[in-house]
Amino acid sequence: MNPSPESQPKEWFPSHIISGEEHIALLILNQPLQEECKLFVKKNWQSALFHVGVDGGANQLKELSDDEFSLIPELVCGDFDSATSEVLEFYRSKGVSVIHTPNQDETDFTKALRLTDMYLKDRKIEVSSIVAVARNGDRLDHILGNLNTLYLAEEITSIPVLILGNNSLTWLLSVGCHKIHVTEKMVESHVGLIPLGSECKNVTTTGLKWNLTNGKMNFGGLISTCNMFDGSSVVTVATDTPLIWTMEVTMDKF
């Protein structure tokens with residue numbers, strides 16, 4: 001199937017998310033946060049409309065809190081193999097909803113996404129995106145599990161879901177056309193287009209240093225890593241298969 005050139009493109013404004021200009025739902029995943037992630041959480045906490053500590057992510061929020069900046073989420077959830085009992089009791093005492101989700105057929109991230117979508121609908125909270133803050137590196141299985149949740153997300157919520165890691169912002173481009181808006185602060189960033197789910201038989205891009213025209217991408221063949229912006233204000237991607245888009249971000253530029 002070829003992406004229809006007449007279809008209305010989905011527009012993305014990554015700089016708005018990084019700089020806190022959008023109202024988001026903020027999920028803190030397990031594993032110790034790297035410095036860039038800590039900066040993002042503190043910078044965007046006030047503008048975010050809903051906050052979730054996902055299992056051990058609750059520990060990270062407690063550690064980030066201090067007398068001047070208390071990070072109290074609306075929801076803490078997970079199978080609780082990482083969150084300490086002391087942290088869970090602390091958040092219960094603050095009136096936080098603490099929900100045990102023991103199902104092992106889904107990751108804590110996926111289960112948290114289901115609960116987040118439910119809470120947002122029940123409370124009639126409108127957000128532009130759901131941003132999950134996660135640690136890069138250390139555990140490849142965690143990274144792949146998080147990317148798999150991006151593929152599952154389209155069946156869980158209509159809200160765009162992105163993953164912020166240390167120096168990276170990643171999301172899934174669904175079948176069709178996309179416009180990614182590029183600011184001057186982003187032009188030197190590296191980017192990647194990854195056909196993780198299945199072979200992409202037809203992808204066309206503009207605005208990148210190395211573009212594709214009706215190109216084919218698959219593991220064992222061509223994938224686009226270490227690509228760059230070409231200085232254009234907009235990158236366009238038209239794809240017949242969902243593709244992972246990942247880009248380098250540096251918090252101190254925003």
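**Close-up views of a predicted model**

**View 1. Helix 4 and its buried side.** Helix 4 spans residues 85–93, and its Val-87, Leu-88 and Tyr-91 are buried (under 20% relative accessible area with a 1.4 Å probe, protein chains only; exposed is over 50%, partly exposed in between). Looking down the axis of helix 4, the buried residues fall within an arc of 100°, so they line one face (the arc is taken over directions from the helix axis to the C-beta atoms). On the face turned away from that side sit the exposed Glu-86 and Ser-93. The cover over the buried residues includes helix 3 (57–64), strand 4 (75–78) and strand 5 (97–100). Just past helix 4, Gly-95 takes a positive phi of about 85°. Helices (H or I, at least four residues) and strands (E, at least two) are DSSP runs, numbered from the N terminus.

A word on the model: it's predicted, so local features need pLDDT of at least 70 and side-chain atom pairs pLDDT 80 or more, while totals for chains, interfaces and linings use all residues. Numbering starts from 1 along each chain as its sequence is written, and side-chain values use heavy atoms, with hydrogens and water left out.

**View 2. The largest nonpolar core.** This core has 49 residues, and Phe-40, Val-41 and Trp-245 touch the most other members (a core is a set of buried Ala, Val, Leu, Ile, Met, Phe, Trp, Tyr and Cys residues joined through side-chain atoms within 4.5 Å). It draws at least three residues from each of domain 1 (19–167) and domain 2 (174–248); those bounds come from an automatic or database domain assignment. Not counting residues up to four places away in sequence, Trp-245 touches, among others, Leu-169, Trp-171, Ile-180, Leu-208 and Phe-229 (contact means heavy atoms within 4.5 Å).

**View 3. Ser-189 in its loop.** Ser-189 sits in the loop between strand 9 (176–181) and strand 10 (190–194). At 7% relative accessibility, Ser-189 counts as buried. A polar atom of the Ser-189 side chain lies 3.0 Å from the backbone oxygen of Glu-248. Leaving out residues up to four places away in sequence, Ser-189 touches Asn-227, Met-228, Phe-229 and Glu-248.

**View 4. Cys-200 in strand 11.** Cys-200 belongs to strand 11 (residues 200–206), and at 0% relative accessibility it counts as buried. Setting aside neighbours within four places in sequence, its contacts include Pro-195, Met-217, Asp-240 and Leu-243. Arg-114 is 86 residues from Cys-200 in sequence and 28 Å away in space, C-alpha to C-alpha.

Notes
Polar contact = N/O pair within 3.5 Å; in protein donor to acceptor, adjacent residues only side chain to side chain.
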